[in-house]
Amino acid sequence: MTVTSLAPLLVAVPLASAAILLLLGRAADRWGHWLGVLASAAAFVVGALLLTDLLGRDAADRVVDVHLFDWITVGRFDLAAGLRIDPLSLTFVLLVTFVGTLIHLYSVAYMAHDAARRRFFAYLNLFIAAMLILVLADSYLLLFVGWEGVGLASYLLIGFWNHRTEYAVAAKKAFVANRVGDIGLLVAMGLLFSQLGSLDFESVTAGVESGAVSTGMLTAIGLMLLLAACGKSAQFPLQSWLGDAMAGPTPVSALIHAATMVTAGVYLIVRSAPVFEGAPTAQLIVTIVGAITLVLGAIIGCAKDDIKKGLAASTMSQIGYMVLAAGLGPIGYAFAIFHLVTHGFFKAGMFLGAGSVMHGMDDTTDMRHFGALRTSMTVTWATFGLGWLAILGVPPFSGFWSKDKIIEAAFVVPEGAAEWRAWVFGIVALVGAGITAFYMSRMFFMTFHGKARWTDSRAQASDERPLRHPHESPWLMTIPMIVLAVGSLGLGFVLQLGGGFTTWLEPVTGHVEHHEPVLSVPVIQIATLLAVAIGLVLAWRQYGALPVPTTAPQGSVLTRAARVDMYQDTVNDAVLVQPGQYLTRSLVYGDRSVVDGAFTGLGKLTVGIGQVLRRLQSGYARQYAATMLFGLVVLAIVVLAPRI
Amino acid sequence: MSLTHYLVLSGILFSIGAATVLLRRNAIIVFMGVELMLNASNLALVTFSRLHGNLTGQVMAFFVMVVAAAEVVVGLAIIVSIFRTRKSASVDDINLLKS
Amino acid sequence: MNDPSTAEAVLFWVLAVVMVAAAAGLLFARKAVHAAMSLVLVMICLAFLYVTQGAPFLGVVQVVVYTGAIMMLFLFVLMLVGVDASDSVVETIKGQRWVGWLAGIGLAVVLIGVLTRATYPAVTGLADANADGNPTGVARIIFGQHVFGLEVVGALLVIAALGALVLTHRTRLKKLIKQPERQALRMKAGTRVTPLPAPGVYARHNAMDVPALDPHGNPIEESVPRVLRIRGQEAGTASYHADTYRRAVTAVADPVDSDPAVLLGTEESGATPPAAAPGETGGPLTDVDLGAASTKTETEP
C-alpha cells in the first residue's frame, strides 16, 4: 500500500465529519466542534504524509493519479472519478488543511457563544471537503463538483446568521454571482467536450498541445474559464459579492473569502494553463482583468471604514495580483501560486486579527471607533502587524518574496508581444503596491494606533466615544494568529530558498527560462519599496499622526465612489438587474397574455362549449332518446343521401 | 300490392313506436312504444323471410319475441320498483343522474 | 303465394288502416289502459299478417306470447301502479314535443324512402320452405342451426325471471305485524276493539254507501268504505239515524203519504222532509218498539 492511496481520505474524513455533525443534530452539540477540528487536522496529516512521499520522488514522478471509481460511462465517453496528486494540488491541500485547521481551532473559541456552533463546524468541514475535491480533481467535471460544493458551503456560511435579512441577502448575492461564473465553467466544459470528447486534465492537455483545437475555440474556452474564475475569485466584473460576503462569521471570511476559496479562480487558470497557452488573447484579457481588479480593490480599500470590508477589498486586490501573474503565462504561474500561499497565511492572519479585535470591541467593525488598541490587545497587534508588513512587501516578510516576483514578472515582455504591455502591467502592479501600502497602513494605524475613539469609562461614553472594554482574546484564538503570523514572517523566505517553490511546481507549470524585465531587477525592487514607503508615510501622516474623525468626512468624488465599491452595485443594477427584470417582466407578460392566453382561451372555449352542451345533460331519459333518434335520422340521411 | 307495402307498414309502425317513446311520459306507455317497435321489426323480418323464401327470418322474429319477453319482465320489474320508491311512473322523474 | 293475391291485398289494406289507427292510439290515448288495449289490437292484427305471410307458427306465438302473456303483464302492472299524472299527454319538457314529432316523422320519411326506393329480388315465396309445414320448417332451423342461440335465450329467460325477483324484492325492515299484534295495539289505544261492521248492516237497505247502524240506531260512519267517503259518494249519515228510520216505518204504514223517495230520504233528495214537517204527517211518533220494527223491516222483503 502506497501513501498516495491514502489520498481519498483527504476528502472522505471532512465529508464524513460534516455528515455526522449534520445528521446527529443536537446529540453532537457538546463535542461536535472538536470533531470538526480533528477532521480538518486529520486531512492535514494525510496531506503532510503525501508531501513527504512526493518529496521522496524524482521531479518527473511527482504527478500521481489515484483512480476512485468509474463515474460516467456512456458509449465512447468514459469518465472516471479520480484524484490527481501533483505539486500544485498538494500545495493547495496543505494550504487549505493547515490554514483550515488553525481557523477551526480559532472558531472553537470565536463561536463559543453561538448556539449553532456544531452546524458551523459541519459547514466548515463541508467546505474543506469540497475545496479538496476541487483541487484534487483529475477532471474538469469533478473539479466542478468541488467548485459547486465550495459555492454551497460559502453560501451557507455567509448566511450563517441568516436571521438578519441583510446577511441572507448577502449570501444570496454571493451565490448568484458565483452562478454567473459557473455558467462560464459549464460552457467551457461543454466546448472542451465538443472539441476533445473528454474532460480529464491529462487528455485535455494532450489534446490542446496536439493542436486539435483552433485558436479561436481556445480563446472562447479561455474566456469562459476566466468568467468562472472571476465569479469565484471576485474579479472584475463579478467582484461585487465579496464585500457583502463579510456578513459571515469572521473565521469564514478568513478561511473562505481570503485564504482558500476565492483563490480557486487562480487555481483554475493555472490548471488550465495549456488552454491559455494556446490563446494569447485570452491570456491578455486575464492579465487586464487582474490589473483592473488589483487597482479597483486597492482604491476601494482606501475608503472603507469597516475593517472586514477593507480586508475584503484588499483580498480582491491581492487576487488581482495573482490573476495578473497567471495571465502572464508560465513565467507567472509559479509566482501566482506562491503569492497565493503567502497571501493565504498573512491575510488569514489579519482576518483572524480583525476577528479578535471585533471580539474585544463588542463585535463592531467600524475603524473610526477603534484606535490605540495596541496596548490592550498586544498579541493581536503584533500578529496583525506582521501580516501588515507581509502584505506591504517589506523584506524579508513573506509578501516581499511573492509580490515582488509578480511585479518583476509583470515588467517582462511576453514572447512575441509588444513592449508596452510590460510597461503598462508593470507600472500598474507597482502603483498597486503603493496603494496597498497606503490602505493597509491606514487600517493598521486606525485600529491600533492614534488616540482611542472609544472609552472604557461609563461616565465619558457618548455617541462619539462609545463604551468599549477591549481585551485580549483567549489562547485558542491567539495561537492560530501567532502561527499564521510566523508564516507571514518566514514562509516566503523559506519557500523561495534556492528557487525551491518554483522548482517544486515545475512538474505542473513547466520550466521557464529566465527572462529579463524591461527594467533591471534592483531598480524594480527599489521602486517598489519606494512606492510602499510613500504609501506608508502618507497613511501615517493622515491616520497615525493626525486624529481620525469619528464620522467619515465627505471626501472627494473618488472616495465617495470607493466607499460604495466604485458603484459596482449600481452598475450591476443598471446594466444587469434592471434589464434582466425588465426582460423577465416582459417575458412574464408575454407568457401570461400570449402563451397562457392561448391556453386559457382554449380552456374558456372548452368551458363555453361545455356550458352549451350542458343543456343536453338534462337528466330526462326521453330527451336522451330524442337526441339518439335525431342523430340516427341524420346519420341515415347522410349515409343514404348520396345513393339516391 | 307488393311486399313493399308490408315493409312500409312496418316502417310506419316503427316510427309511431319511436314517437311514443319520445312523447309519452308514463313509463309503461313508453315501454309499450318499445314493444311496438319490436313488433314492427318482426313484421319486416317475416316479410323478408317470404321475400327470400328462407325461414331464418321467421326464426329471428321468434328470437326477438323471446328476448322481448325477457326484456318486458325485467323492464316492468324496474318500473314497479321505481314506482315503489318514488311513487311515480313518469320517466321524467327519474333524473337523479342530472347534476 | 309468391305475389300477394287480391284477397290478401284486401286483408292487408283493412288491417293496415286498423293497425296504424290503433298504433296512433298509443300516442294519443289519455288512459294507459286504452293505450294497452290498442296495442293488443295492433298485435292481433300482426298475427293475422303473419299467418297471411306464410308464418302461421309465428302468428300463433304472437297471439299467445305477446297478446296473451306480455300484454297481460302490462295490464297487471298498470293496475298495480294505478292512475297517475304521467298519463297526461301534456308535455312538460320544453321543446320535447317538437323534437319528438320531428324525429318520429323524420324517421318515418327516411324509412319509407329507403324501403320504397330499394330494389328487391323476385319474391321467392315460402312454398318450398313450408313444404313440411311451417312449424316443422321453423323447428328445423331453430334446433338445427340455432340450437346454441336457443339455449342462450333459455338462460336469458331464467336470468330475467331471477332479475325481476331481485328487483321487486323488498327487505323487511320492521317486525311483521300480524293479527295478535294488531289486536294488542287496538286494546292499548282504547279505540274500537271489534271489527267494523260491513256497510248497510241494520240500515234500511244494504248498499256500499249506506252506513251501518249500531245497536242504538246511530249510523257508524267508518263502516262506509274510505274511498267512497273521500269521493263524497257516501249517503248522508244523518238521514239514516234510527229516528228517521222510525218515521219512515210509520210513513210506510200510512199509505196516505205516498212519496217513498222523500220518506226514505235517499241521497237524491238529500233533504229530510219528515223531520221538517212532523206535524203535517200527523203520524204517531212515540212508543214504537224499535227492535220489533227493525226486525219487521228486515223480514219484509
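Reader: How many residues does the contact take from chain A, and how many from chain C?
Author: Contact here means heavy atoms within 4.5 Å. On that basis chain A gives 12 residues, and the number taken from chain C is 13.

Reader: What kind of model is this?
Author: Residues are numbered from 1 along each chain as its sequence is written, and chains are lettered from A and ligands numbered from 1 in written order. Local features need pLDDT of at least 70, side-chain atom pairs count only at pLDDT 80 or more, totals for chains, interfaces and linings use all residues, side-chain values use heavy atoms without hydrogens or water, and the model is predicted.

Reader: Which residues of chain C lose the most area to chain A?
Author: Chain C and chain A bury about 1000 Å² between them (accessible area lost on being put together, 1.4 Å probe, summed over both), with 75% of it on carbon and sulfur atoms. Of what the chain C side buries, 42% belongs together to three residues: Ile93(C), Gln96(C) and Val110(C).

Reader: How many salt bridges does the rule find across the interface of chain C and chain A?
Author: The rule asks for a side-chain nitrogen of Lys or Arg within 4 Å of a carboxyl oxygen of Asp or Glu. The side of chain C that touches chain A has 3 charged residues, alongside 7 nonpolar and 3 polar. Across this interface the salt bridge count is 0.

Reader: How much area do chain B and chain C bury between them?
Author: Here 72 residues of chain B are in contact with 94 residues of chain C. Carbon and sulfur atoms hold 76% of the buried area. The total is about 7100 Å².

Reader: How do α11(A) and α14(A) lie to each other?
Author: Helix α11 (residues 264-271) and helix α14 (residues 307-327) of chain A pack with their axes 10 Å apart. The angle between them is about 5 degrees. They are therefore roughly parallel.

Reader: Which residues of α14(A) make the contact?
Author: From α11(A) the contact takes Val266(A), Ile269(A) and Val270(A). The residues of this contact divide into 7 nonpolar, no polar and no charged. Those from α14(A) are Ile319(A), Met322(A), Val323(A) and Ala326(A).

Technical notes:
Buried area is the accessible area (1.4 Å probe) that two parts lose on being put together, summed over both. Ala, Val, Leu, Ile, Met, Phe, Trp, Tyr, Cys and Pro count as nonpolar, Asp, Glu, Lys and Arg as charged, and the others, Gly among them, as polar. Axes are lines fitted to C-alpha atoms, for helices over the stretch in contact, and angles run from 0 to 180 degrees between N-to-C directions. Helices (H or I, at least four residues) and strands (E, at least two) are DSSP runs, numbered from the N terminus. Angles under 35 degrees count as roughly parallel, over 145 as roughly antiparallel, 65 to 115 as roughly perpendicular and the rest as oblique.
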